[in-house]
Amino acid sequence: MIPYGRQDLNQDDIDAVIKVLESDYLTQGPKIPEFERSIIDYCDVEFAVAVNSSTSALHIACLALGVSKGDLVWTSPISFVASANCALYCDASIDFVDIDPVTYNLSIEKLEYKLIKARADNQQLPKVLIPVHLSGQSCDMERIYTLSKEYGFSIIEDAAHAIGGYYKDKPVGSCKYSDITVFSFHPVKIITTAEGGVATTNNLELDKKMRLYRSHGVTREPSEMTKEPDGPWYYQQIVLGYNYRMSDIQAALGISQMKRLDSFIVKRNEIAAHYDKFLTNMPLITPVQKVNLLSSRHLYIIRLDLPNLIKTRNEIFQELRNEGLGVNVHYIPIHLQPFFKQIGFKLGDFPEAESYYEDAISIPLFPQMTHHEVNKVVDVLEHVLIAN
Ligand SMILES: *Cc1c(COP(=O)(O)O)cnc(C)c1O
């Protein structure tokens, strides 16, 4: 089976991990600041906070922005559930902005309309918006930023898919048009630390707060304490925090992976370009890339042209799997998950997301794919979609 995504590990990565295992620090050692530094340098940003997952990064990002009971957070319904859950961890409410039919990112037009309507109806405006850069293609952050100034919300970019990508002249993660950006290093994502994530920001206060929430709300900084330290061992817990720390083993893997990030993006874009070229003339829609950005190409999502196909999506999906393609679907609309229906969402709430879900399929795309595998994906699609 050719999986839809797969990590790319080499001997350098393995050696880097072993070196940590043979060192004094398995966690809270020198590799964390070194990894954070590599993210800072790459993303052209002031601060980076490494954590044990991007779900944790989303949680501490919300906390640092003061999201709490009575607040409202908006995100895209076509994302992994973590993009919405972070608001609920903070006892805030969640709502969604339907997607754009071309990029599958949250629609800026619908966002603007929803903001105008909320204001006109004297309804609550969001405290935080979480745009998700689906498949590695950045949302139009400049337009979102302009709206944030007009309507007074903060922005967390969920860039779980998008490290290595660019928006205009800046790397994703630079936070030029946002307060915080989060990345994921789960093995299917662009680079991996097995489990792991990072939050970037240009705001010193947000950086400090996220560091506190990452590690139990405990500080060793005398200026942050309520009294003089009792001695050199002294620490104080000043907020309710968590243990969301990344280990040095993971950070060492991350440092090593960062060195190949650019080559991963090149390879992913080459494979995507091959698909773009060879999947034309098939009853499907290939993903549209905007001109002012570089996608990290985490996912290659095709939309089946079901009215021109005899088979159903499920039949096609099953046949692709049977032929050895590890296809998948990203994502089931969050608002249709039983948990979110229980909160009050229902079928029909976000029609564009729901229609996307009817015909979207992610096909294999990862840096180590061989020419043979890429060609096989094209051949199998042709065989399953065209030959009957
Ligand atoms: C993978 C993913 C997450 C969660 O990342 P973890 O590191 O596994 O917690 C969040 N948002 C999106 C869009 C993702 O794809």
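Helices here are DSSP runs of at least four residues and strands are runs of at least two, both numbered from the N terminus. With that numbering, the loop between α11 and α12 (351-359) of this predicted model holds Gly 344. Because its relative accessible area is 52%, and exposed means over 50%, Gly 344 counts as exposed. Between Gly 344 and Lys 267 there are 77 residues in sequence and 43 Å in space, taken from C-alpha to C-alpha.

Beyond neighbours within four places in sequence, Asp 359 is in contact with Ile 302, Arg 303, Leu 304, Leu 306 and Arg 313.

We turn next to the ligand. The space taken by the ligand is the second largest pocket. Of the 15 residues around the ligand, those that come nearest are Thr 55, Asp 158, His 161, Ser 184 and Lys 189. Several polar distances can be followed in the structure above. From an oxygen atom of the ligand to an N or O atom in the side chain of Thr 55, the distance is 2.5 Å. For a polar side-chain atom of Ser 184, the distance to an oxygen atom of the ligand is 2.8 Å, and for an N or O atom in the side chain of Lys 189 it is 3.0 Å. On its own the ligand has 380 Å² of accessible area, and the protein covers 93% of this.

His 161, one of the residues that come nearest to the ligand, sits in the loop between β6 (154-158) and β7 (166-167). With a relative accessible area of 4%, His 161 is buried. The side chains of His 161 and Tyr 331 are joined by a polar contact of 2.8 Å. Residues up to four places away in sequence aside, His 161 touches a set of residues that includes His 133, Ser 135, Lys 189, Ser 296, His 298 and Tyr 331.

Two helices, α3 (54-64) and α4 (82-89), each supply at least two residues of the shell around the ligand. Helix α4 is largely enclosed by the rest of the structure, because 6 of its 8 residues are buried. These are Ala 82, Ser 83, Ala 84, Asn 85, Cys 86 and Ala 87. Their packing partners are α3, β3 (72-75), β4 (93-96), β5 (128-130), β6 and α11 (338-343). Just after α4, Asp 91 has a positive phi of about 65°.

Helix α3 is also a packing partner of α7 (residues 204-214), whose buried residues lie against α2 (31-43), β2 (47-51), α3, β9 (180-184), β10 (197-201) and β11 (218-219). The buried residues of α7 are Leu 206, Asp 207, Met 210, Leu 212, Tyr 213 and Arg 214. At the start of α7, the backbone nitrogen of Glu 205 has a side-chain oxygen of Asn 203 within 2.8 Å. Just after the helix, His 216 takes a positive phi of about 65°.

Conventions:
Residues numbered from 1 in each chain as written. Predicted model: local features only at pLDDT ≥ 70, side-chain atom pairs only at ≥ 80, totals over all residues. Heavy atoms only, no water. Buried < 20%, exposed > 50% of the residue type's maximum accessible area, 1.4 Å probe, protein only. Polar contact = N/O pair within 3.5 Å; in protein donor to acceptor, adjacent residues only side chain to side chain. Contact = heavy atoms within 4.5 Å. Near = heavy atom within 4 Å. Areas by Shrake-Rupley, 256 points an atom, 1.4 Å probe, with all protein chains shown as cover. 1 Å grid on protein atoms, 1.4 Å probe; cavity = no way out; pocket = protein on both sides within 12 Å on 5 of 7 lines; lining within 4 Å. Sits in = over half its atoms within 2 Å of the grid points.
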